[in-house]
Amino acid sequence: MGIGSALAIYFIIWWTMLFALLPVGVRTQAEEGDITLGTTASAPARPRIWLAFFRTTIVSAIIFAAFYYATQVAGFGLDDIPRFFPELK
């Protein structure tokens, strides 16, 4: 795997994890009891987007490391899938 492929795969994992982890730990304005005029009650009270980016980066690095190990070190590839799922042949 080249550096360009690795960066592309990491970016795809990072972007997917961003949307999966974005709502983690966020409290809405309704839950805080302080709704700002002109916003919906479900808007975040304190978005803390940098914390979400940091959390996403850590989780993505772990997932990418597992993917790299499985494909580059252990040698698992698409040709190995029928061996684990014989009904797909």
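Predicted model: local features only at pLDDT ≥ 70, side-chain atom pairs only at ≥ 80, totals over all residues.
An unreviewed UniProt entry lists residues 6–28 and 49–70 under "transmembrane region". In the model, residues 49–70 are 100% helix and 0% strand, with the end C-alpha atoms 31 Å apart. Residues 6–28 are 70% helix and 0% strand, and here the end C-alpha atoms lie 36 Å apart.

Helix α1 covers residues 3–21, a run of 19 residues. From the first C-alpha to the last, α1 reaches 26 Å, which is close to the 27 Å expected at 1.5 Å a residue. The buried residues of α1 are A6, I13, W14, M17, L18 and L21. Viewed down the axis of α1, these buried residues fall within an arc of 140°, and they therefore line one face of the helix. The buried residues of α1 pack against α3, which spans residues 49–73. On the other side of α1, the residues I12 and F19 are exposed.

L22 is placed in the loop between α1 and α2, the latter formed by residues 29–32. When neighbours within four places in sequence are left aside, L22 is in contact with I49 and A52. L22 and D34 are 12 residues apart along the chain, and a distance of 21 Å separates their C-alpha atoms.

Notes. Residues numbered from 1 in each chain as written. Heavy atoms only, no water. UniProt positions renumbered as here; feature names shortened; annotations may be inferred. Helix = DSSP H or I, 4+ residues; strand = E, 2+ residues; numbered from the N terminus. Expected span 1.5 Å × (residues − 1). Buried < 20%, exposed > 50% of the residue type's maximum accessible area, 1.4 Å probe, protein only. Arc of directions from axis to C-beta. Contact = heavy atoms within 4.5 Å.
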